[in-house]
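This report describes selected features of a protein model, going from its basis to its helices, strands, pockets and backbone geometry.

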Amino acid sequence: MRVCDIGEFDLIERLKGIFGADAPPGVEVGIGDDAAVIQPAGKARLVVTTDALIENVHFLTRRIEPRLLGRRALAANLSDVAAMGAQPRYALLVLGLRSDANVEYVLELAKGMAELGAEHQTRIIGGDITRSPAALSITITLVGEAVNGVLTRSGAHPGDLIIVTGDLGGSAAGMGIAANPSAAASLPQEAREALLKRHCDPTPRVREGLLLARQGLATAAIDISDGLAGDLRHICEMSGVGASLDPEAIPIAHATRLAAAWLGQDATVLALQGGEDYELLFTCTPANADAVVAALVPTPVTSVGAILAEPGLRLVGPAAERYERRLHSYDHFRAPSGG
Ligand SMILES: [Mg+2]
């Protein structure tokens, strides 16, 4: 069945069934009116972000199932709100669909979104459907609530430690596997599945962002969507500082190392430059380092460098020279990037 066979209003009814027609707590008016009405909890400040995914630019429909695509689209927004230390709550969804788009595909996409939303107390409370001439587009606006302080990119000070959650490079390795699944069959199944999940179904660090904000432990934070080097640069620029980074300190999973070798790539380069890991990158004072580890248990955290007064990103440690040139050649070709 195609979208043009049932029409926009019928499709909206079916989407309502998936997202839930009842207004969630905090929502006075939900799906179905001209606009949604939100009553923020207490003195919460609203944290708002938006992100667009376009077919053939950000994803290929033949490489990702619709349910996972729905999850991934929402995950990118959840991760941005997490990096601000806020609780994601409400999302608006704008879908651009070809008139011959498959209805079942669209509903699967919506189910994935609703599922991941439920895992993070987030509901889709409105949106729009529009006809798109060729590509599928998914644009989500997410509203979060910050009851405590918010985390920004601009608070890092010289002497602060640079910390990352989890491990890096897994999403880039998973993308390499997704691009060539039959050849990747030579990798251990467990590693292959773990990395595909990292790429197609990343876990936003919502709990960790909230804990850091609630306990006032981070001086600056960002989620890793562009790769460690690029995102660390965003913190440095916004904070007016520089940074030293030890490539050998970067946490990299064994599965990522196996896949990197199979891809003929350096796992550390995947971690530095591959994006979409959606881990948190944040800074804290050395005095708070132990409190950070304790606060985020069981999530692993690793110190990878330190903030410097002098601007610029400097690699340090025994492997510095090996990665220095790559980091700079990467810079020349790198397009400016925001979110
Ligand atoms: Mg971000």
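The sections below take up these features in turn.

## Basis of the model

The model is predicted, so that local features need pLDDT of at least 70 and side-chain atom pairs count only at pLDDT 80 or more, while totals for chains, interfaces and linings use all residues. Residues are numbered from 1 along each chain as its sequence is written, and side-chain values use heavy atoms, with hydrogens and water left out.

Helices (H or I, at least four residues) and strands (E, at least two) are DSSP runs, numbered from the N terminus. A residue is called buried under 20% relative accessible area, exposed over 50%, and partly exposed in between, with a 1.4 Å probe and protein chains only.

## Helices

Of the 18 residues in α2, 16 are buried, which leaves the helix mostly covered. Just after α2, glycine 85 has a positive phi of about 75 degrees.

Threonine 268 belongs to helix α9 and counts as buried because its relative accessibility is 8%. Leaving aside residues up to four places away in sequence, threonine 268 touches Pro247, Ile250, Ile252 and Tyr323, where contact means heavy atoms within 4.5 Å. Aspartate 5, in helix α1, counts as partly exposed because its relative accessibility is 46%. Between aspartate 5 and proline 311 there are 306 residues of sequence separation and a C-alpha to C-alpha distance of 58 Å.

## Strand pairing

Strand β10 (residues 280-284) is mostly covered, with five of its five residues buried. From β10, Leu280, Phe282 and Cys284 point one way, whereas Leu281 and Thr283 point the other way. Two strands pair if DSSP finds at least two bridges between them. Strand β7 (residues 161-165) runs antiparallel to β10 and is joined to it by four bridges, with leucine 161 having cysteine 284 as its bridge partner. Strand β8 (residues 220-223) is likewise antiparallel to β10 and joined to it by four bridges; here alanine 221 stands opposite phenylalanine 282.

Strand β9 (residues 242-245) is covered on both faces, with Gly242 and Ser244 buried on one side and Ala243 and Leu245 buried on the other. Four bridges link β9 to strand β11 (residues 301-308) in an antiparallel arrangement, and the bridge partner of leucine 245 in β11 is glycine 305. Four bridges also link β9 to strand β12 (residues 312-315), but these two strands run parallel, and alanine 243 stands opposite leucine 313.

## Pockets

A pocket is found on a 1 Å grid over the protein atoms alone, as an open set of points where a 1.4 Å probe fits, with protein on both sides within 12 Å along at least five of seven lines, and its lining residues have an atom within 4 Å of a point. The largest pocket holds about 560 Å³ of space, a volume being the space filled by probe spheres set on the grid points, which are joined across faces, edges and corners. Its lining has 26 residues, of which Ser225, Asp226, Gly275, Glu276 and Tyr278 lie nearest the centre. β3 (45-54) gives the most to this lining, with five residues, and α2, α4 (170-179) and α9 (267-273) each supply at least two.

The second largest pocket has a volume of about 450 Å³ and is lined by 23 residues, with Ile12, Ile31, Gly126, Gly127 and Asp128 nearest its centre. The largest share of this lining, seven residues, comes from α1, while β4 (87-97) and β5 (123-131) each supply at least two.

## Backbone geometry in loops

Most residues other than glycine have a negative phi, and most peptide bonds are trans. Tyrosine 278, in the loop between α9 and β10, has a positive phi near 55 degrees and counts as buried because its relative accessibility is 9%. Glutamine 121, in the loop between α3 (103-119) and β5, also has a positive phi near 55 degrees, but counts as exposed because its relative accessibility is 56%.

A cis peptide bond, with omega of about 10 degrees, joins valine 297 and proline 298. Proline 298 is placed in the loop between α10 (289-296) and β11.
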